[in-house]
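Work through the exercises below with the sequence and the structure open. Each task is followed by a solution in steps.

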Amino acid sequence: MASHPIPAGLDPTRAAAVVAGIATLAAAGLVLLLVGSVAAAAGFAAIGIIAGGAVVAWRLLSSPSVRDQQSVDWEFTRTVAQASGDAVAITDRAGRLVCANDAYETLFAGFPTPPGLPLGGDGVAQLGNAGRIAWRDGSADVSGMHVGAHRIRAHITRSGDEGDMLVWRFVVLQKHDVVASTETLIGGATGDRLGGAGVMAALIGPDGRVRAANRVLTQRALGGIGAIEGRDFARLLITDSRGLVRFEREGLDGTPLRVLQIPFMEAEDAPVLVALLDDEDTAPAIGASASAHVRSLVSLMPFGMALVDREGRFLQMNDAFIRAAGVDPHAPPLYPGDLVVREDKTAVADAIRRFAGGATHSSDMAVRLKSHPEEPVALTIAGARGLGDAAVLLSLKDNSEESRLKREVAQATKMQAVGQLAGGVAHDFNNILTAIIGHCDLMMMRHSPGDSDYDDIQQIRTNSNRAASLTRQLLAFSRQQTLRPQTLQLPDVVAEVSNLLKRLMGEQITLDVTHGRNLGAVRADPGQLEQVVVNLAVNARDAMLSHNPRGGGTLTIQTKAVTAAEVRAMASDILPVADYTALVVSDTGAGIPPEILPKIFEPFFTTKEVGKGTGLGLSTVYGIVKQSGGWIFAESKPGQGATFTMYLPVHAAGTVTRTPVPTRAPAKPVEMWGTGTILLVEDEDMVRAVAERALTRQGYTVMTAENGEAALDLLDKNGRPDLLISDVVMPTMDGPTMVRHARDRYPDLPIIFMSGYAEEQLRKSIDLDNVAFLPKPFSVQQLAEAARDVLAAT
């Protein structure tokens, strides 16, 4: 490619714009030459103009004169961005929005800063991850996001002389418009082929006006004068005394016509596809020649259509119908009832018999096809007259992709709702357990080991701790547990639990562990990941022993690197395009039945016998993986075992920071006795009572309040306490709000928050410094230790 010298007198910034413009136009011309698409070439040119504008603007920003003025005019870049119909925004290294076009403002209802956009689901997290990848690799793509009713795809590019800008481009993905496609087909080459077969076709709107027609119909109806679109279709036809239909332009001496209405959409205001055929013989039937025309018309339709004779047998199915119904072309069914499940056969046969016998209207039926019985589809049945051997017209919509997306959205919505419910249940249950464990501790202080009551109290406390572990699993599922993430390698996690896994598997199960190469580091809680591996392995062991008690099986654990290109090739609507490190756990058991597979991650769902499982193992796995920013998928075929694949995003830093925890000698008992005044704020009476007694026994003077307003009243009356211990979620006034008012009066007041929710979730919503956290349920000793430690630090 020849280089273009910069003309004399042209400054480097404008020269860059000239070169960028020449390169853009050349590239757009090359695209036009290769693919023959003006739209593709124009889109390529627009993208190039935007990128060129960003470069020019950044050169202006980077120039010394502009830096000295400490002000930048981004109007030029915004003007260039307006050349694109896509939503475009530019952010700087600090993450600030410095430029955006009108399409961006319209799409996002203003100028929010990426990635904090009003996206549905986890779209913000996906977009944020793509932004980090773009900073690292220069560009990134992410799809499957939603803004209101729009489905969008984003392309992020790092730009600028120093690579310290991000250009965000958002493309709205248009839904397939069947009506528009049909208009294009009728008015284009497909309509010409229909005309060559003797079929005049038109698409008629609900108002009776022509929306599209092929050229042979336009010629016959208008004589080639004027446009037929928008005309009243009924006024183009006349009827004689015998009921024969002709074109109004040709008069009563013209050739009689057969008018066929073809239903292909379900809505009441949907347009109607009309086919007109010459009927030279004016006989009731159109004859073999016209019947061939009808079959040609059916075969060319882009939606699923089939013809059925008076005996209820198939005469013809077009390709779209074959795909939608899952028909084997080499062994086609004889009757429409052969396509549906046994329970729907009678209803379909009766409907076809009724329409073949003379019914003239159309009807929709919800049926379940044998090829995918789990999802009902709409089958439209209409009576046909004047189509030779055909008596019934069937129409079937191929909604397999739509159904799959509906199932995925429904499953994600259900899991989110169940997660919120599980988190709320765990929070309330933690309050109850705090009271039970606290009272047990207080009672044990009055009894010595060996007393008959001591053992009973100890048993109650032990079972309460077991219940507390269940609430932790519920919090894990609802993604509200406290994590301690580290940068680590997945093979190290597997190695940590390998000895434990060998003991858990026993002699009948063979453990096969393999690790891939070039694995990227991930950021997660190592202890929680170990729990994921153990839970998946134990479930696999139970499945294999249940399937083959004597022979056992093989448990395979594999780690591998999954590149962004491989993810893109998967074409998944769920997994964002990025680099991942995957953990794959598979077994040789009986597999998971299809009707159970969608439910396995739900809490308390289990297929084990009563007393042999809580149903929280896989739900805990799901919560840990999702809270770690990853994805988990289950695949299984009956009789071929099950495979669980966990994808964790590669950590950008890539440096493993995990350090082994040093073993320490058991700590000597520390004196818990303390002095001072503590203000205790808790809305649950039982928790407040046990905490007050526990702190009083340790020597503290305790004031109690049931909510934030009562606590502030106590501060007004009694002055500053030595320590404030408060619940987070309370009626009337919550803990953080109350603490802000207290800190206005006493800035150095030490604070302990206690809550049944996770610390990480709370710290995201609490913008207060120097506060400690005590998770519920806690024991009397843990409460005393927390108070002692905070007071000792002041």
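**Overview**

The protein has 23 helices and 28 strands, and the model is a predicted one. Buried residues account for 45% of its 794 residues.

**Exercise 1**

Determine how helix 15 is oriented relative to helix 16.

*Solution.* Start with the two segments: helix 15 covers residues 490-505 and helix 16 covers residues 526-547. Their axes come within 9 Å and cross at roughly 40°. Angles under 35 degrees would count as roughly parallel, and 65 to 115 as roughly perpendicular. Helix 15 is therefore oblique to helix 16. As for handedness, helix 15 passes helix 16 in a right-handed crossing.

**Exercise 2**

*Solution.* The spacing can be read against helix geometry: an α-helix has 3.6 residues a turn, so residues three or four places apart point the same way.

**Exercise 3**

Locate the bend in helix 15, list the buried residues of helix 15, and inspect the residue just after helix 15.

*Solution.* Helix 15 bends by about 50° at Ser 498. Ser 498 is itself buried, as are Leu 490, Pro 491, Val 493, Val 494, Val 497, Leu 501 and Met 505. Just past the end of helix 15, Gly 506 has a positive phi of about 80°.

Methods. Residues are numbered from 1 along each chain as its sequence is written. This is a predicted model: local features need pLDDT of at least 70, side-chain atom pairs count only at pLDDT 80 or more; totals for chains, interfaces and linings use all residues. Side-chain values use heavy atoms; hydrogens and water are left out. Axes are lines fitted to C-alpha atoms, for helices over the stretch in contact, and angles run from 0 to 180 degrees between N-to-C directions. Helices (H or I, at least four residues) and strands (E, at least two) are DSSP runs, numbered from the N terminus. Angles under 35 degrees count as roughly parallel, over 145 as roughly antiparallel, 65 to 115 as roughly perpendicular and the rest as oblique. A crossing is left-handed if the near helix is turned anticlockwise from the far one by less than a right angle, and right-handed if clockwise. The bend at a residue is the angle between axes fitted to the seven residues ending there and the seven starting there. Buried means under 20% relative accessible area, exposed over 50%, partly exposed in between (1.4 Å probe, protein chains only).
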